[in-house]
Amino acid sequence: MQDILAQTLPFVALAFLVTVMFSTGLDLTVRQIVEPLRDRRLLASSLVVNVIVVPLIAFAISRLIPMGEAMQIGIVLYSLGAGTETGPKLVQVARGNAGFAVALLALLATITVIFLPSAISFAAPDVHVDRLRLLVKLVVTVVLPLGAGVLLRSQRGDSVQRLSLFMHRAALTLLAVFILQVIVVNYAEILDVEVGAIIGGMLFFVLVFATGYLAGGRLVENRRAVALMTCIRNAPIGMAIASQVFAHEPDVLVVVTMMAVMTAVLGLFATVALRRLAS
């Protein structure tokens, strides 16, 4: 049974990624994506922080805090996935600039697909990565579902709400199945997760949240948007890649999953705190 779960793990990860991206596209309109991008200074600072600064923070943490090589790769891999599909909703709850968060999500998801294959080779030079194959796979599993969702929304308007609700529920179901599989298949590795990786994950969240907040400029709503969009990374992409590219190193997937859960919980607390401060 465990062998079957291990073999199907990469396919569940891909199904989850495709479902999440399609459901995200169903919630976006072209106007939502384009209109907030007029603030070039805010856009530039947000992109620099998400694409360059955050991975550098993760890389520094992985080297400064003692932990195994697979766990170092896991933290860096998680940081490379910019653009979380849950970000705009959290920003809205925190009373931040949700419109800009939506536009930033679309841009970051595209940038992640283009640069992630090369970034993985830089972060883990000893691991052979077929960049072209990975790029094609990311285009198929991220860009196409996201674009299909946006296109369908632009043609059908609000009539896709029922489909959107169904796809969001399907994504949550697949996420639950995936996490359960990860636990069952890698329970021994989970019990052996080093304290350094846990400390590193918490430090990562604090530093990245603060960096994103400072990069948001003068307006509080922009600071909240950039902070939340920066501190919670694109876990589906990270988990899908960890389960396939690093299938021989289960600790990588374990750490990426741990980072996803940890930052999601901390991000939720941060969202509630920001909302109360806005009251």
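**Figure 1. Leu228 and its contacts in the predicted model.** Leu228 touches Leu90, Val91, Ala94, Phe209, Gly267, Ala270, Thr271 and Leu274, leaving aside residues up to four places away in sequence; contact here means heavy atoms within 4.5 Å. This is a predicted model, in which local features need pLDDT of at least 70 and side-chain atom pairs count only at pLDDT 80 or more, while totals for chains, interfaces and linings use all residues. Residues are numbered from 1 along each chain as its sequence is written, and side-chain values use heavy atoms, with hydrogens and water left out.

**Figure 2. The largest nonpolar core.** This core has 78 residues, of which Ile120, Phe204, Leu228 and Ile241 touch the most other members. Helix 13 (residues 250-278) gives the most to the core, with 11 residues. Apart from this core lies another, of 7 residues, including Leu28, Ile33, Val102 and Val150. A nonpolar core is a set of buried Ala, Val, Leu, Ile, Met, Phe, Trp, Tyr and Cys residues joined through side-chain atoms within 4.5 Å. Buried means under 20% relative accessible area, exposed over 50%, and partly exposed in between (1.4 Å probe, protein chains only). Helices are DSSP runs (H or I, at least four residues), numbered from the N terminus.

**Figure 3. Helix 10 and its packing partners.** Helix 10 (residues 195-215) has 21 residues and reaches 30 Å from its first C-alpha to its last, close to the 30 Å expected at 1.5 Å a residue; the expected span is 1.5 Å times one less than the number of residues. Among its buried residues are Gly196, Gly200, Phe204, Val208 and Gly212. The buried residues of helix 10 pack against helix 3 (40-64), helix 4 (69-80), helix 11 (220-231) and helix 13. Just after helix 10, Gly217 takes a positive phi of about 85°.

**Figure 4. Ser46 in helix 3.** Which residues does Ser46 touch, not counting residues up to four places away in sequence? They are Phe100, Leu104 and Val226. Ser46 sits in helix 3 and counts as buried, at 0% relative accessibility.

**Figure 5. Arg95 in a loop.** Here we look between helix 5 (87-93) and helix 6 (98-123), where the loop holds Arg95. Arg95 has a positive phi of about 65° although it is not a glycine. For comparison, most residues other than glycine have a negative phi. Arg95 is partly exposed, with a relative accessible area of 40%.

Methods. Helices (H or I, at least four residues) and strands (E, at least two) are DSSP runs, numbered from the N terminus.
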